[in-house]
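Q: Please look over the model below. I would like to know what lies behind the labels it is given.

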Amino acid sequence: MATHLSYGRVNLNVLREAVRRELREFLDKCAGSKAIVWDEYLTGPFGLIAQYSLLKEHEVEKMFTLKGSRLPAADVKNIIFVVRPRLELMDIIAENVLSEDRRGPARDFHILFVPRRSLLCEQRLKDLGVLGSFIHREEYSLDLIPFDGDLLSMESEGAFKECYLESDQTSLYHAAKGLMTLQALYGTIPQIFGKGECARQVANMMIRMKREFTGSQNSIFPVFDNLLLLDRNVDLLTPLATQLTYEGLIDEIYGIQNSYVKLPPEKFAPKKQGDGGKDLPTEAKKLQLNSAEELYAEIRDKNFNAVGSVLSKKAKVISAAFEERHNAKTVGEIKQFVSQLPHMQAARGSLANHTSIAELIKDVTTSEDFFDKLTVEQEFMSGIDTDKVNSYIEDCVAQKHPLIKVLRLVCLQSVCNSGLKQKVLDYYKREILQTYGYEHILTLHNLEKAGLLKPQTGGRNTYPTIRKTLRLWMDDANEQNPTDISYVYSGYAPLSVRLAQLLSRPGWRSIEEVLRILPGPHFEERQPLPTGLQKKRQPGENRVTLIFFLGGVTFAEIAALRFLSQLEDGGTEYVIATTKLINGASWIESLMEKPF
């Protein structure tokens with residue numbers, strides 16, 4: 001059991017077990033010893049549901065990464081390719097299979113498509129003359145992967161670009177399928193709310209899928225009260241701003257991939273006396289970050305400025321606990337102390353790790369450049385000087401700072417000004433292309449198409465109205481003891497989370513005007529429940545809302561939703577699902593055209 005998946009009101013271990021069962025069933029179909037050839041992108045997501053021990057129990061002896069030419073030698077009966085349905089991967093598989101055929105004793109080949117089989121891919125394998133070599137060609141519907149007790153992700157890296165630039169609804173279909181799986185396991189969700197074009201399409205797909213399964217009425221008592229579907233393009237602002245929570249900053253600076261982070265090793269080297277710092281490790285320090293670690297669960301959602309005091313308090317508590325050994329006199333007391341030792345040592349190791357991470361982050365956050373960038377972001381978000389060329393952005397371009405940083409700031413300015421004056425926009429574009437190269441013209445086009453970077457068209461700047469009505473900027477955000485979600489950005493309250501908060505209380509009718517300004521329709525659907533399954537809420541019992549971000553969500557937004565879940569009088573607990581966990585850099589990068 002993965003305990004970090006079952007601490008909330010919704011036990012996400014149920015989903016993980018269902019997904020693992022499906023994998024075991026497939027492996028058992030391929031009788032005998034096995035080697036798995038992995039599409040590299042899938043190894044991270046799979047690691048969250050099936051450790052190597054599970055695969056080993058089902059006779060998986062070798063694992064390789066999918067690469068061209070011949071497969072490494074393996075004395076096994078079955079070779080299983082686990083891949084996304086992509087044409088370029090089919091070419092590599094064909095190359096592997098043909099070179100195996102020449103090698104000698106026949107192997108049994110199988111292919112597992114994640115999350116869907118694809119006729120196009122099978123046609124490509126047929127054209128390459130290898131389709132007949134596969135005994136099993138199946139799909140493994142890994143739509144939603146549990147990351148933590150309140151967090152699910154599809155880890156679909158291209159979802160935002162597909163939806164908003166390419167009008168490709170594949171990831172929306174997978175989102176709807178994932179939601180149907182959740183309803184099969186946790187009961188029908190009585191009410192669906194949504195905002196945005198993609199949200200409308202996902203709700204329509206769910207309703208259609210439900211109609212197709214009318215015969216099989218779901219008799220599970222509903223765990224979720226509401227589903228809120230939110231398009232990422234309803235709130236383009238939040239991911240562009242620098243996250244200021246502990247987890248958000250780790251992601252901004254080092255990038256968290258499938259709940260793991262790789263950190264510079266020198267901070268984690270054990271300090272030995274008199275070795276003059278020789279033999280420093282060169283391998284990056286890899287740490288898993290989730291709520292299974294007590295200390296991490298306590299500090300991850302705090303504003304970084306509040307983390308130091310927690311760590312120093314913890315250090316005092318731990319050293320006091322170790323001091324207790326001097327007071328243990330009787331055999332019983334000594335035994336008691338020894339039994340607590342593993343937990344205390346784990347706590348001490350955890351504290352050492354997070355102290356090191358906090359030092360690494362502090363080196364960045366106390367730099368002059370970080371402060372200057374944050375100042376500019378906060379001026380834009382609070383509505384200061386958004387309509388003219390910004391001198392800090394000019395300096396960044398002149399000094400050739402990373403292009404993604406420049407694009408994030410220009411897009412942030414554009415979003416906070418409902419577009420830029422043509423003269424300002426042309427100036428930025430010209431500067432960027434002359435400094436970073438004309439091949440980035442396609443990237444600028446993509447950002448424009450996605451609504452991130454656009455000319456101001458005749459209409460007025462609507463952002464000030466949205467900012468005031470939704471109270472997006474709070475001058476007095478309390479970072480140490482927050483009373484409002486704006487603490488996650490030290491002043492800015494994420495628009496997406498404000499919408500969720502207002503939906504819960506007093507309801508969206510109070511903000512009709514703003515909902516009309518934001519892109520896409522807003523809607524409400526009811527899903528009838530079979531008799532006897534209607535929920536009677538106990539006095540003081542919170543509602544459970546599943547909020548699904550179509551196009552990605554940031555760790556700062558997750559922190560803000562967790563903050564709302566923990567409010568005494570909040571009335572709602574949130575479970576968060578998304579197409580992908582993102583930050584501003586990874587999001588902009590997904591929209592960049594790779595130069596040929």
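A: This is a predicted model. Start with the sheet: 7 strands form an open, mixed sheet in the order 6-7-15-14-9-8-13. Strand 6 (145-148) and strand 13 (522-526) are at its edges. From one strand to the next, the twist averages 20 degrees.

Q: What makes strand 6 and strand 13 edge strands?
A: Each of them pairs on one side only.

Q: How do you know that strand 6 and strand 7 are paired?
A: Pairing needs at least two bridges. Strand 6 and strand 7 (residues 151-153) are joined by 3 bridges, and they run antiparallel. Pro-146, for instance, has Leu-152 in strand 7 as its bridge partner.

Q: Which strands does helix 8 touch where it packs on the sheet?
A: Helix 8 (residues 197-212) touches strand 8 (191-195), strand 9 (226-231), strand 13 and strand 14 (543-550). Its direction makes about 140 degrees with that of strand 9.

Q: Why is the pair Phe-81 and Phe-109 called stacked?
A: The whole structure holds 13 aromatic pairs. In this one, the ring centres are 6.4 Å apart and the planes are at 25 degrees. The limits are 6.5 Å for a pair and under 30 degrees for stacking. Both values pass, so the pair is stacked. Phe-81 in strand 3 (residues 78-83) and Phe-109 in strand 4 (residues 108-113) are 28 residues apart.

Q: Why do Phe-81 and Phe-109 count as buried?
A: Buried means under 20% relative accessible area. Phe-81 has 0% and Phe-109 has 2%, so both count as buried.

Q: What makes Tyr-246 and Phe-304 a stacked pair?
A: Their planes are 5 degrees apart and their centres 6.4 Å apart. That is under 30 degrees and within 6.5 Å. Tyr-246 lies in helix 10 (residues 246-254), and Phe-304 in the loop between helix 11 (294-299) and helix 12 (307-323), so the pair ties together parts 58 residues apart in sequence. Tyr-246 is buried at 0% relative accessibility, and Phe-304 is buried at 10%.

Q: How do you know that the charged end of Arg-348 sits over the ring of Phe-322?
A: The distance limit is 6 Å from the ring centre. Arg-348 is 4.0 Å from the centre of the Phe-322 ring. Lys-286 lies over the face of Tyr-260, at 4.7 Å from the ring centre.

Q: Why is Thr-170 called partly exposed?
A: Thr-170 has 37% relative accessibility. That falls between the 20% and 50% cut-offs, so Thr-170 counts as partly exposed. Thr-170 is in helix 7 (residues 170-186).

Q: What makes the approach of Thr-170 to Asp-168 a polar contact?
A: Their side chains are 2.5 Å apart, and the limit is 3.5 Å.

Conventions. Residues numbered from 1 in each chain as written. Predicted model: local features only at pLDDT ≥ 70, side-chain atom pairs only at ≥ 80, totals over all residues. Heavy atoms only, no water. Helix = DSSP H or I, 4+ residues; strand = E, 2+ residues; numbered from the N terminus. Buried < 20%, exposed > 50% of the residue type's maximum accessible area, 1.4 Å probe, protein only. Polar contact = N/O pair within 3.5 Å; in protein donor to acceptor, adjacent residues only side chain to side chain. Axes fitted to C-alpha atoms, helices over the stretch in contact; angles between N-to-C directions. Contact = heavy atoms within 4.5 Å. Phe/Tyr/Trp six-rings, centres within 6.5 Å; stacked < 30°, edge-to-face > 60°. Lys NZ or Arg CZ within 6 Å of the ring centre and 35° of its normal.
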